[in-house]
Number of protein chains: 2
Amino acid sequence: VLATPLGPGPEFDRIRAIAEALGADAPGLGDDCALLEVGGRWLALSIDAAVEGVHFRRDWLTLEEIGWRAAAGGLSDLAAVGAEPAGALVALTVPRSSPPGQEVALMRGVAAACRTVGGQVLGGDLTGGDGLVVTVSVVGWAERPLRRRGARPGDGVWVTGTLGARAALAAWSAGRAPLPGSRAAFARPEPRIAAGRWLAGAGATAMIDLSDGLAGDAAHLASAGGVGLEIELERLPLGAGVAEEAAAAGEPAPAFAARGGEDYELLVTLPPGGPPGGSPAPLTRIGTVVPGSGARLTLDGRPLALRSFDHFA
Amino acid sequence: VLATPLGPGPEFDRIRAIAEALGADAPGLGDDCALLEVGGRWLALSIDAAVEGVHFRRDWLTLEEIGWRAAAGGLSDLAAVGAEPAGALVALTVPRSSPPGQEVALMRGVAAACRTVGGQVLGGDLTGGDGLVVTVSVVGWAERPLRRRGARPGDGVWVTGTLGARAALAAWSAGRAPLPGSRAAFARPEPRIAAGRWLAGAGATAMIDLSDGLAGDAAHLASAGGVGLEIELERLPLGAGVAEEAAAAGEPAPAFAARGGEDYELLVTLPPGGPPGGSPAPLTRIGTVVPGSGARLTLDGRPLALRSFDHFA
């Protein structure tokens, strides 16, 4: 059984089956990071694979951007528990025939993402294979880690930054070049380390990062806390190019953004009074925690059934 | 520049190029584990990818065995620095069409390998992809970590257990079933955690695990320590089926074993007096540390030029 219950979906059914089979051999699954108490602090650990053809394509991003994004995905998990990064270990699988400069370019991107948040490349592994796989395992420290569980009815639901980095993907998929702002948001997401730590100290009750997409991640936060989340999509802060790509897709822009799995922003619950001043990242209130279960998404008062990306849907 | 110099080979040239490009962003590369000092102890971390078609084939091993071997590879890195495992994080990439039971079987194998050495499955990541990739990131603690550097001229060179688990691979590759003993050595290697910790406390001067194969790993130990290693291959303790498979390959059995990259034993240097009694694993002296550089392998007095497995050779 998962220590932290997850929301619905075939991908999460598979993770539930693993947790059930492993039992006491895996007692802590389901949160953004594994957390181990060490001398009064918490060691935070997470692992994420980025697979060519699934998470990225080489004709869309440079190798440095692929490395940056892979590292940012792991660092975003540290942000989601309010941890400060120590660094990352990276397992690279590259085609045996690839020129040696490729892994150097990838690792420059990984290292640059780590450096911007005070982390280092701690170690790695290099193997030959068919396609490119970049697996990043991050390590950090938290004084008072936040988790997915902990939201209470009456809390406000907030997000950092802006959503909709999948606008770039939608453009590429349609054979168009993304708008510059939307390309940048996709290629070089900035992990919300400073905001995560600040929120952990500012009374936040639960937190998750938005790597699966708001619709799915809000459901995880609801399941973890044994509460419901009501989210008013018209409040969503939208990033560059989202309005244009949503229009091209014939979809309301907030729905387009909420289905996306390419944002590395934080979804956080805060007591009714809201956050104190001084947040290092923009914070927008998008909803409320209620008694019940699941995430209920509305657009101008009408419920919308949205699904986030699911690897096995 | 690598903090711990590696031996020769195209795979290690690529790692040298990464270390050079990253400079101060990756100051500690080249040992079996990354080591971070935390309150008087050392946190030991390592990451290893096991890729279908490169590290394993599904018609050779069960999914549980594939999971076990992947975890054992990482745990063996902890053994090589004398660390005690806390556990492992696992990134699984599985074909999107695969039945859900597959990743459960894989993770049962990972969990079983961790359990035998007191570790747990701490976290993970599940993504859809084309082939199967199991990436294991291990975490452990060492009171007094051993490293690859530290061997001194006059030290003896020793190995734990027996070598030659690649006998099973040779049989499969030739279309034969491996002998049961040789299959077991390949499918369920036991990470030498107890031996690694014991050796770290017994005066060992340097240590590495034999996952690349004795020929290559002895060269790493020599480069790391700025010394030479003289190894008498006729002293090698050989595992089940090695004599038979070496004969089939028309190769002297010790040379066959020394080229192999499938053993998870430890290569360790000890002061001239050798180890005290009470080792939890068999220890065999196979050579001597000398002034100079590189690993010199001889069989009955004649030098043999052997290469270990190299992903990019």
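Reply: Happy to! A definition to begin with: helices (H or I, at least four residues) and strands (E, at least two) are DSSP runs, numbered from the N terminus, and two strands pair if DSSP finds at least two bridges between them. This is a predicted model, where local features need pLDDT of at least 70, side-chain atom pairs count only at pLDDT 80 or more, and totals for chains, interfaces and linings use all residues. Residues are numbered from 1 along each chain as its sequence is written, chains are lettered from A and ligands numbered from 1 in the order in which they are written, and side-chain values use heavy atoms, leaving out hydrogens and water.

Me: Switching to chain A: is strand β9 buried or exposed?
Reply: Five of the five residues of β9 (residues 266-270) of chain A are buried, so the strand is largely enclosed by the rest of the structure. Buried means under 20% relative accessible area, exposed over 50%, and partly exposed in between (1.4 Å probe, protein chains only).

Me: Which way do the residues of β9(A) point?
Reply: Leu266(A), Val268(A) and Leu270(A) point one way, and Leu267(A) and Thr269(A) the other way. In a regular strand the side chains alternate between the two faces of the sheet.

Me: What does β9(A) pair with?
Reply: Strand β6 (residues 156-160) of chain A pairs with β9(A) in the antiparallel sense over four bridges, with Gly156(A) as the bridge partner of Leu270(A). Strand β7 (residues 206-209) of chain A also runs antiparallel to β9(A), joined by four bridges, and there Ile208(A) stands opposite Leu267(A).

Me: OK, how much area is buried between chain B and chain A?
Reply: About 4,700 Å², with 68% given by carbon and sulfur atoms. Buried area is the accessible area (1.4 Å probe) that two parts lose on being put together, summed over both. In chain B, Arg14(B), Asp25(B) and Ile47(B) lose the most area to chain A, together 14% of what that side buries. The contact takes 59 residues from chain B and 58 residues from chain A.

Me: How many salt bridges cross that interface?
Reply: Four, by the rule: a side-chain nitrogen of Lys or Arg within 4 Å of a carboxyl oxygen of Asp or Glu. One salt bridge is between the side chains of Glu103(B) and Arg14(A) (3.2 Å, N to O). Glu103(B) lies in helix α3 of chain B and Arg14(A) in helix α1 (residues 10-22) of chain A, so the pair joins two chains. Both Glu103(B) and Arg14(A) are buried.

Me: And what about Arg16(B) and Asp13(B)?
Reply: Their side chains meet in a salt bridge too (2.9 Å, N to O). Both residues lie in helix α1 of chain B, three residues apart, about one turn of the helix. Arg16(B), at 26% relative accessibility, counts as partly exposed, and Asp13(B), at 44%, also counts as partly exposed.

Methods
Contact = heavy atoms within 4.5 Å.
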